[in-house]
Amino acid sequence: MRETFTAVLFPFVMCMIVGLMSKVKSKEKKTFALIMILAGAWELVLALYLLSCDLRGIGIGVFEVPGVGGLGLHFLYTGFRGIFGVLTAFAWFVTALFSYEYMKNDTNVIRYDLYNLLTLGATMGIFYAADLFTLFFFFEMMSFTSFMWVAHRQTREALYAAGTYLGIAVAGGMAILMGVFIVYDRLGTLAFDAMYGRAAELMMSGEDITWLFVAAGCMFVGFGAKASAFPVHVWLPDSYTEAPAPATALLSAVLSKTGIFGILLITLDMLPMQGSWGAFILIVGVVTMVAGGIRGVMSGNLKITLAYSSMSQIGFILTGVGMQSLLAEYLMAADAAGVEGEAASAIIEVFGLAINGTCLHMLNHSLVKLVLFMAAGVVFMQVGSYDLNQVRGFGRRKPFLLITFVLAAAGVGGIPLLNGYVSKTLLHESIAGYRELLAQSGSSLALSATPVMMKAVEALFLFSGGLTIAYMTKLFVVLFVEKNSDKKVQEAYDAKREYASVLTKAAIGVCALPIPLVGLLPNLVAEPVAAYGLVRFGLSELLRHQQEHVHFFALKNLSGALVSILVGAVVYAVVVRFMMLRGLSAGYKGYRDIFPSWLNMEKYVYRAVLYTAVPFVLGIISRILDSIVDILVVILRKTVYSDRELPYELPEGNRVTHRIGVTMERVRLVYCAVMRKEYTPKNYAHKLAIKEIDVFENFRIIERSLSFGLFMFCVGLGLTMIYLLVVN
């Protein structure tokens, strides 16, 4: 259906229009801000129209744009894609409302708007992609356009953060491309539906699929980097801090989900029912949620705390993805063992919990992070800082900011009656249910997980939920309970009644509204959305079974939230109130970052390796290879290509320098004879020969070097690529 392509193309068309308007005639910033709001609104209308067509049973097939890259671009609409298409358009619309006030004093608004539209189009292209090539095409575009968000302010800190972001994006993109090459070579297709069928056939036939794991591992690096999965999360804190607040909200709420989307496709279409891959994703997810939670608790900066909160919540989502893969493996093994009836239904029910929990937590996290980062932007507009000691007490006597912030903070913390509790309960119950299934089956099935392993995963899951409550409690107390240490500053904060415009409040309020709605009516709101979104990915047959409603407010499910609340209270008291506030230095007052600086992976691992160690080692290798080539050239000249003395060989220089030198010498001789001056030979032939050696010997050295050969190879390779693109 052409409408999917229209939803992708529209932002690029608007980008061209905005660019032409900025060149033809100077406009006020408000004009461009209104254009961005209208563009976001129309994109939302297009996404909702596609959703309504699917709900009405109007078929939306694959749409192809032939000729691009030789393979063409292919777009597909499914329930999951439709939900995140609507989410993307909605997020861009509300951040456009928020940007109307936030960006009004910025000097580079037009440039921000242009790259904002490009990123919107690329993101829609990712979610509607029908094959890996289309996904990679728009994923790389999104990485480079969103890079401009991070570098927007052009300060030294922003450029440093942008360099890290771009480096990780380029490395991740190359890794994805490597995986795409392997998949296309081995499976002969990049279409997701066809990939699933062919991969399943290979697995059923018992063929070696090691190469498929290699391809998945390569692509996980790129998608995991965008999702902020450990250990490729190092771009996160600086990039979130330096980007404008509307861009940061989009980075957390939407762009991180493009990475999760890629990982989901790898897990469910490339490696279906591979429990070992699911165990890997599960371990990465657990490490990510714990590491992000610990770093968030120890941070003394509002925005960095929210950044690591995003990392931790991505860990929860990855945990759900890993559980889907493990349960698919269990279901296949049980089917092979002849398990039927209630036992098979129990497996499918737990499987459904993992699927619905993953989808819902992706949506819930997006909603709460839109609220939290826009609220942080409101604070920054008034205070000019994200430091907890500077923003302390700002939220007092500001009921709207208090209500929306508490809803989002408590929602992401998994407090009952709010949206995060619903999705985290589903994920927790899938872990507990899988552990019970493993205990019942014993060692009769060959599986990739054990009851002990899942017990540890469940404990870390609840502990990470406690970390979330701890750092959100820290932010709430700082903003709304405590007073600023400077009384005059606190008086100024209390006097600020008009701290946000109507559009800003509307943007924050419309994002906060679904948080209690989903939490209060989970069976009416949450389950239908999840059921619509995740009956795809080759799992529709499994999920046709009627799933019983989860009793979210039963004591069994509430007990998990209670454990996390107790853990959060203990962590807050020990780490925040004792370690961060009291510290080790006598008389120190205020919050401070207590995370050890020597554990900074970005500075002491990635930059140390990529910017220092790797260039040093490669430089040594290059010098050795260059010297080897030079030695071989000398040996060949002394042996096989040894110089032979010719009867007409000049003693020095070449024919040109010799002729010119002799001619100049004769002219000088005639001049001296005519002028009756004493003639003294100047030996011009020798001087020109020396000059010829001085000028051309450097070029000869370069020509004989390995570096020149590599340079010419790159030039030839580039010309070949241009030729292939033109021909295809």
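A search of the whole structure turns up 26 aromatic pairs, where the rings of Phe, Tyr and Trp (its six-membered ring) count as a pair if their centres lie within 6.5 Å, and where planes under 30 degrees apart are called stacked, over 60 edge-to-face, and the rest tilted. Please keep in mind that this is a predicted model, in which local features need pLDDT of at least 70 and side-chain atom pairs count only at pLDDT 80 or more, while totals for chains, interfaces and linings use all residues. Residues are numbered from 1 along each chain as its sequence is written, and side-chain values use heavy atoms, with hydrogens and water left out.

One of these pairs is Phe5 with Phe63, which is stacked, at 5.4 Å centre to centre and with 25° between the planes. This pair links distant parts of the chain, since Phe5 sits in helix H1 (residues 2-24) and Phe63 in strand S1 (residues 63-65), 58 residues apart; helices (H or I, at least four residues) and strands (E, at least two) are DSSP runs, numbered from the N terminus. Both Phe5 and Phe63 are buried, meaning under 20% relative accessible area, with exposed being over 50% and partly exposed in between (1.4 Å probe, protein chains only). Phe5 and Phe63 also belong to one aromatic cluster together with Phe75, Phe133, Phe137 and Phe138.

Let me turn to Phe316 and Phe461, an edge-to-face pair with 5.0 Å centre to centre and 80° between the planes. Phe316 lies in helix H12 (residues 302-336) and Phe461 in helix H17 (residues 451-481), 145 residues apart. Phe316 is buried, at a relative accessible area of 0%, and Phe461 is buried as well, at 4%.
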